[in-house]
Amino acid sequence: VQLQASGGGLVQPGGSLRLSCASSKSIFSANSMGWYRQAPDNQREWVAEITSGNSRNYADSVKGRFTISRDIAKNTVYLQMNSLKPEDTAVYYCNSIYEHQMYWGQGTLVTVSS
């Protein structure tokens, strides 16, 4: 399974970005798909996930600001990020679980700075 993440960039505090993660395999068959992030000198942390049953879960640090969604026809998962803060600066990675195997995409850098 190949995952292609895109949509990162430089944004001012309070701004918005939408990340995309396109999968080479139907996301309908995924157990879950999600996003992680890794800031400089920090460990990779979980951000959000969407399950096969369309349940959505978020880390406390992004709850109310980020929204994960999916387009099954496009095999793509999105992360809409609003009210961005400097502490959201990180490389964002998409991830999927198919038949209990975990797959990672390459990262996309999000920089929140004035």
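This is a predicted model: local features need pLDDT of at least 70, side-chain atom pairs count only at pLDDT 80 or more; totals for chains, interfaces and linings use all residues.
**View 1. Strand S9 and its pairing with strand S4.** Strand S9 covers residues 90-98, and seven of these nine residues are buried, so the strand is largely enclosed by the rest of the structure. Strand S4, which covers residues 32-38, pairs with S9 in the antiparallel sense, and seven bridges connect the two strands.

**View 2. The hairpin of strands S9 and S10.** Strand S10, made up of residues 101-104, is joined to S9 by four bridges in the antiparallel sense. Tyr 98 has Gln 101 of S10 as its bridge partner. Two residues lie between the strands of this hairpin, in which Glu 99 adopts a positive phi near 50°.

View 3. Strand S11, residues 108-112, runs antiparallel to S9, with three bridges joining the two. Within S11, Val 110 stands opposite Ala 90, while Thr 108 is the bridge partner of Tyr 92. Strand S2, residues 9-11, is likewise linked to S11 by three bridges, but these two strands run parallel, and Leu 10 stands opposite Thr 111 of S11. The two faces of S11 can be told apart by their side chains: Thr 108, Val 110 and Val 112 form the covered face, whereas Leu 109 and Thr 111 form the uncovered one.

**View 4. The disulfide of Cys 21 and Cys 94.** With a cut-off of 2.5 Å between cysteine sulfur atoms, the count comes to one disulfide. This disulfide joins Cys 21 to Cys 94, with an S to S distance of 2.3 Å, and the link is right-handed, with 65° about the S-S bond. Because Cys 21 lies in strand S3 (residues 17-23) and Cys 94 in strand S9, the pair ties together parts that are 73 residues apart in sequence. Buried here means under 20% relative accessible area; Cys 21 therefore counts as buried at 1% relative accessibility, and Cys 94 counts as buried at 0%.

Conventions: Residues are numbered from 1 along each chain as its sequence is written. Side-chain values use heavy atoms; hydrogens and water are left out. Buried means under 20% relative accessible area, exposed over 50%, partly exposed in between (1.4 Å probe, protein chains only). Two strands pair if DSSP finds at least two bridges between them.
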